[in-house]
Amino acid sequence: MENNPLFKSGHTACAGCGQAIAARLVIEAAGANTIVVNNTGCLEVFSTKYPETAWGVPWIHSLFENSAAVASGVEAALKYLGKKDVTNVIAQGGDGSTGDIGLQALSGMLERGHDILYVCYDNEAYMNTGVQRSGLTPFDTNTSTSPAGAKSSGNLRPKKAVPEICVAHGIPYVATASAGFPMDITRKVKKAISIKGPKYIQIHVPCPLGWRYETNQMLPVAKLAVDTGLYPLFEYENGILAARKQITPKPVEEYLKSQGRFKHLLNNPEEIKKIQEIADNNIKKYGLKVEA
Amino acid sequence: MKEFLEGSHAIAEIVKACKPGVISAYPITPQTHIVEDLATMVANGELTSQFVNVESEHSAASVVLGASATGVRVYTATSSQGLFYMQEVVFNIAGMRLPVVMTCANRAVSAPINIWNDQQDSISLRDSGWFQIYAEDNQEAVDFHLIAYRLAEDKRVMLPVMVCMDGFILTHGMETVDIPEQDKVKKFLPDYNALYKLDTAHPISMGLLADPNYYMETRFAIQETMQESIGYLADISKKFNTVFGRDYKDFLVEEYQIKDAEKVIVAMGSVCGTIKEVVDEQRAKGKKVGLLRIITYRPFPYARVYEALKDIPKVAVLDKAVSLGAYAPIAVELKAAFYGKKKGPKVISSFVAGLGGRDITLESIHEVFRRLTVKEVNSDFIDLKPELLKEEYGE
């Protein structure tokens with residue numbers, strides 16, 4: 001595998017990019033018998049600038065929002081050719097192309113029951129176009145289109161619950177993961193591709209430019225999101241919460257102060273309290289707290 | 001075998017004979033009967049295609065894009081708003097050089113919403129890199145689907161083809177149609193064998209980012225292929241005639257009574273049947289009139305049009321679409337075909353008719369011939385109702 005990696009070095013991702021690491025883990029876990037369909041976004045741009053490609057598996061990019069639909073076509077063609085049983089299909093994209101502009105295509109793919117794993121790399125804003133807010137941008141985040149100012153503390157709305165939207169489609173497997181926990185990504189991808197039908201994995205992937213952290217801080221930042229309860233890691237199997245990563249919750253302030261996108265909140269206890277409530281609700285909802 | 005069939009059913013029959021591996025579509029009037037019939041054929045086991053029922057036209061086009069990239073023959077059909085919703089995928093399919101075949105059941109576009117026929121939908125996508133071939137009747141619509149696959153999958157071409165047929169007039173019209181037998185189809189249309197495809201045995205990347213150093217050549221290449229394909233269409237017509245016993249001259253234009261004509265109408269699609277009737281009527285009275293039918297609109301057959309009309313004194317171009325704020329779409333091409341040339345019509349007048357399904361009657365065509373005088377007119381609307389315009393302006 002090391003001599004023939006499925007996602008090669010030499011691509012142009014930023015130093016400290018969580019998405020590049022997660023994408024490599026996903027394809028290495030899925031293996032060489034995989035076709036990847038990629039939405040437009042950072043991953044597409046930094047891995048396939050003509051005449052170079054980082055991909056060692058068949059890979060196709062069409063548009064911003066249609067990877068779920070293109071993958072549906074790939075899967076249908078493989079079925080027609082009698083090759084589906086020996087080929088995995090992965091559709092992937094960022095949070096905006098998955099949960100905003102591509103939500104309809106994703107919903108169609110899930111509802112139709114295609115045997116496809118959809119992977120959403122969630123860096124919580126439109127990073128490829130310069131850090132504009134998406135539906136998956138967290139509450140109070142400072143982005144270029146949800147700037148903090150005299151009359152605003154950043155993004156007005158909480159993060160869209162795309163994994164739960166996927167669960168509501170009645171699909172066999174939905175999971176969240178984090179670039180801070182690489183072995184967990186590998187395990188979840190392997191599990192997902194062993195299941196027939198539509199699967200969804202959403203991976204939290206820190207972005208040094210958009211989140212504004214030092215490039216050597218990717219792992220600690222990602223871990224803090226999980227350890228505060230702001231990014232719960234869970235698995236739904238056939239609609240039932242089957243597993244979650246339990247934590248000894250840290251205060252959200254530790255996570256907020258690790259990144260420039262939350263800097264405006266640090267002297268604002270009222271806003272921090274609201275964010276702590278979001279974490280507390282997650283902890284309660286998913287039973288994240290390690291029992292004594 | 002000759003059968004009396006609805007246009008949509010005839011299309012479903014010929015698509016079945018072409019054996020696409022993947023069919024994907026989203027329902028829109030007047031395309032629905034085609035895909036309903038195909039779905040029934042799949043349900044009955046007459047057709048082994050994967051039929052993917054999608055949640056939108058955007059996804060229908062994306063599904064056939066993905067399936068085509070995986071190396072199988074594909075089919076989709078749409079109309080009007082559906083085609084517009086597909087638009088970015090339509091351009092993408094051509095840019096990726098995928099041999100997708102689509103039927104466009106031509107229909108007006110909103111607003112106001114209108115489900116009836118004109119050709120504004122496909123004409124608005126003329127710059128997308130798709131071939132556009134317009135049928136006059138259902139026999140042609142059937143035959144053009146075979147041509148479409150043969151052309152699209154030609155290794156020298158590798159571009160998508162849109163077969164355009166007037167909504168309701170053809171899609172819902174009953175005609176006697178000869179559906180080619182399977183063995184003849186097989187003879188004319190070999191199995192699709194992709195040059196490049198998504199295959200785990202030979203991994204390639206498709207749809208890469210092309211920066212200013214690389215993008216322009218991709219457009220140039222499509223432009224070049226389009227122009228060269230005009231010659232291929234003539235060759236394909238010969239082969240087609242041999243296998244199926246038809247009598248197509250080429251698939252570019254049809255000349256009807258234009259040899260000694262003083263007035264010629266240029267038009268596209270089913271309206272040409274009506275025009276032929278008027279031409280026959282006028283010819284019987286000794287009037288020298290004719291028709292030049294545009295069959296292939298993209299690539300536009302400028303040289304054939306020039307040859308056909310260079311000695312005709314007066315030409316009327318009849319568009320079933322408009323380019324609001326400019327000359328009508330086919331009229332633009334006609335004027336361009338003669339600009340700076342030694343020979344050509346003294347008058348090229350442009351008329352717009354039949355928008356949103358307004359009937360183009362024999363009388364409408366007579367009116368076009370009457371208005372075709374020494375005084376050139378542009379985008380002159382036929383069959384307008386002045387009383388409606390008065391009401392709108394409150395005069």
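The model is predicted: local features need pLDDT of at least 70, side-chain atom pairs count only at pLDDT 80 or more, and totals for chains, interfaces and linings use all residues. Residues are numbered from 1 along each chain as its sequence is written, while chains are lettered from A and ligands numbered from 1 in the order in which they are written.

Along the principal axes, the C-alpha atoms of chain A fill a box of roughly 60 × 45 × 35 Å. The chain holds 11 helices and 10 strands. Helices (H or I, at least four residues) and strands (E, at least two) are DSSP runs, numbered from the N terminus. Of the 292 residues, 56% count as buried. A buried residue has 20 or more other C-beta atoms within 10 Å of its own, an exposed one has 12 or fewer, and a partly exposed one lies in between; C-beta atoms are placed from the backbone. Contacts require C-beta atoms, placed from the backbone, within 7 Å. Among contacts in chain A between residues at least 6 apart in sequence, 67% join residues at least 24 apart.

Helix H1 of chain A covers residues 18-30. The expected span is 1.5 Å times one less than the number of residues. H1(A) is mostly covered, with 11 of its 13 residues buried. Among them are Gly18(A), Arg24(A), Leu25(A) and Ala30(A). Gly31(A) follows H1(A) and has a positive phi, near 95 degrees.

Between the chains, 36 residues of chain B are in contact with 36 residues of chain A. On the chain B side, the elements that give two or more residues are strands E2 (22-25), E3 (50-53) and E9 (205-206) and helices H3 (57-69) and H5 (87-95). H3(B) gives the most, with nine residues. This side divides into 18 nonpolar, 14 polar and four charged residues. Here Ala, Val, Leu, Ile, Met, Phe, Trp, Tyr, Cys and Pro count as nonpolar, Asp, Glu, Lys and Arg as charged, and the others, Gly among them, as polar. Strand pairing also links the chains: E2 of chain A (residues 59-61) and E9(B) are parallel over two bridges. Two strands pair if DSSP finds at least two bridges between them. Ile60(A) has Met206(B) as its bridge partner in E9(B).

Chain B contains an open sheet of six strands with mixed pairing, in the order E10-E12-E11-E14-E15-E16. Its edge strands are E10 (253-256) and E16 (380-381), each pairing on one side only. E10(B) runs antiparallel to E12(B) (residues 289-294), joined by four bridges. Val253(B) stands opposite Ile294(B) in E12(B).

Ile360(B) lies in the loop between strand E15 (347-352) and helix H13 (362-371) of chain B. This residue counts as buried, with 25 C-beta neighbours inside 10 Å. Leaving out residues up to four places away in sequence, Ile360(B) touches Val271(B), Thr274(B), Ala353(B) and Gly354(B). Asp383(B) is 23 residues from Ile360(B) in sequence, and their C-alpha atoms are 8.2 Å apart.

Conventions. Contact = placed C-beta atoms within 7 Å.
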